[in-house]
Amino acid sequence: MLAALRAEGLDVVEHPGWRTHSRTAPGRPWGPVHGVLIHHTAGRSSAATVWGGRSNLPGPLAHGLLAKSGVVTVTSAGRANHAGPVAKNAFAAVLAESAKHPRPSVASGTVDGNTCFYGLEIENLGDGADPYPDAQYDAAVRWAAALCRAHGWSAHSAVGHKETSVEGKPDPSFDMHDFRRAVAERLAHGPDWNPLEESDMPSTLGLYDDTPRTLRPGAWTTLPVEHTDLLSGAVAYDALALVTVKAPVGSTVQGRFFHVREDGTRWQSGIVERAGTTGDTFADFGHKGSIGKKEKLRLEVVYYPATPDDEEPVTVSAARVRGLYWKAS
Ligand SMILES: [Zn+2]
């Protein structure tokens with residue numbers, strides 16, 4: 001675990017005795033492990049509590065405590081009292097690595113979450129006002145990604161306590177879908193991947209192309225805008241594509257940016273959907289991300305007619321990509 005966390009670029013501190021500090025005992029097993037569970041402490045200076053527990057709940061209360069600074073203190077390598085009962089429907093979604101994480105249902109039954117989840121306590125009041133500094137949030141993403149990577153899991157094995165708890169736990173106080181997207185982006189790269197820091201000197205991305213392009217219904221089509229590769233090399237970007245297409249009312253146009261790696265495999269951003277309108281449809285697709293040294297940024301779109309049997313293609317009359325990018329220094 002330690003090696004995986006450090007390989008992911010985490011600043012890890014070992015609490016003395018962490019390797020043998022656990023709740024594991026006969027009748028209280030640890031493993032097999034199936035996922036990672038994210039918590040907030042709902043307090044400050046939680047180190048003693050996460051290690052030793054509370055009067056009604058013996059410690060350790062997590063496998064790691066993540067400070068505001070982004071430093072993780074590892075507190076256990078075995079069973080910890082953090083998950084409590086986990087709803088069976090939520091657990092099934094983790095096992096299936098489903099993209100859909102259902103609301104935890106008591107009626108579905110429960111499993112012992114402390115057997116099968118790693119737990120991270122993130123120091124935060126959880127009141128919605130206390131911020132998660134960038135260094136802390138980034139470290140939480142790295143912690144989850146490191147364990148998912150070590151076990152060969154996808155980002156869908158990373159869930160929040162609020163997504164599994166049948167006791168109405170509210171933590172963590174950030175959006176878990178955004179969190180999983182960030183974990184997935186890390187997993188699409190190697191553990192040593194470092195998203196580029198945005199320097200004070202961005203370059204402007206401004207591409208325009210009015211070559212007509214045909215979109216056949218239902219077929220994802222790479223859309224060149226001056227070039228097929230909109231950006232290449234080690235850059236961070238914040239880009240918006242504006243596509244002008246004659247998409248009738250009732251139809252939809254979807255778009256997304258994707259990264260092509262050297263070996264031809266790809267990572268793709270989430271799909272954005274726009275509805276067809278009378279006259280020209282102006283569909284906009286935004287994404288913020290970064291590509292590695294040998295990766296390319298491309299755009300693709302797909303057209304879905306109002307009725308599935310409509311096989312008439314539509315035409316993109318113009319496409320523009322605007323934004324900023326930051327080169328690796
Ligand atoms: Zn919790």
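**Notes on the model**

1. Arg266 lies over the face of Phe258, at 3.9 Å from the ring centre. Likewise, the charged end of Arg256 is placed over the ring of Trp220, 4.0 Å from its centre. For this, NZ of Lys or CZ of Arg has to be within 6 Å of the ring centre and within 35 degrees of the ring normal.

2. A word on the source: this is a predicted model, in which local features need pLDDT of at least 70 and side-chain atom pairs count only at pLDDT 80 or more, while totals for chains, interfaces and linings use all residues. Residues are numbered from 1 along each chain as its sequence is written, and side-chain values use heavy atoms, with hydrogens and water left out.

3. The chain splits into domain 1 (2-187) and domain 2 (203-327), with bounds that come from an automatic or database domain assignment. Their C-alpha centres, those of domain 1 and domain 2, are 36 Å apart.

4. What coordinates the zinc ion? His39 (ND1), His161 (ND1) and Asp171 (OD) do, at 2.0 to 2.1 Å. Donors here are N, O and S atoms within 2.8 Å of the metal (3.2 Å for Na, K and Ca), and water is not among the atoms, so sites may look incomplete. Along the chain the donors follow the spacing H-x121-H-x9-D. His161 belongs to helix α6 (residues 161-164) and Asp171 to the loop between α6 and α7 (176-187), 10 residues apart; helices (H or I, at least four residues) and strands (E, at least two) are DSSP runs, numbered from the N terminus. His161 is buried at a relative accessible area of 4%, and Asp171 is buried at 5%. Buried means under 20% relative accessible area, exposed over 50%, and partly exposed in between (1.4 Å probe, protein chains only).

5. There are eight aromatic pairs in the structure. The ring centres of Tyr132 and Phe174 are 4.9 Å apart with planes at 80°, so this pair is edge-to-face. Rings of Phe, Tyr and Trp (its six-membered ring) pair if their centres lie within 6.5 Å; planes under 30 degrees apart count as stacked, over 60 as edge-to-face and the rest as tilted. Tyr132 is in the loop between β9 (117-122) and α5 (134-151) and Phe174 in the loop between α6 and α7, so the pair ties together parts 42 residues apart in sequence. Tyr132 is buried at 17% relative accessibility, and Phe174 is buried at 10%. One aromatic cluster is formed by Tyr132, Tyr137, Phe174 and Phe179.
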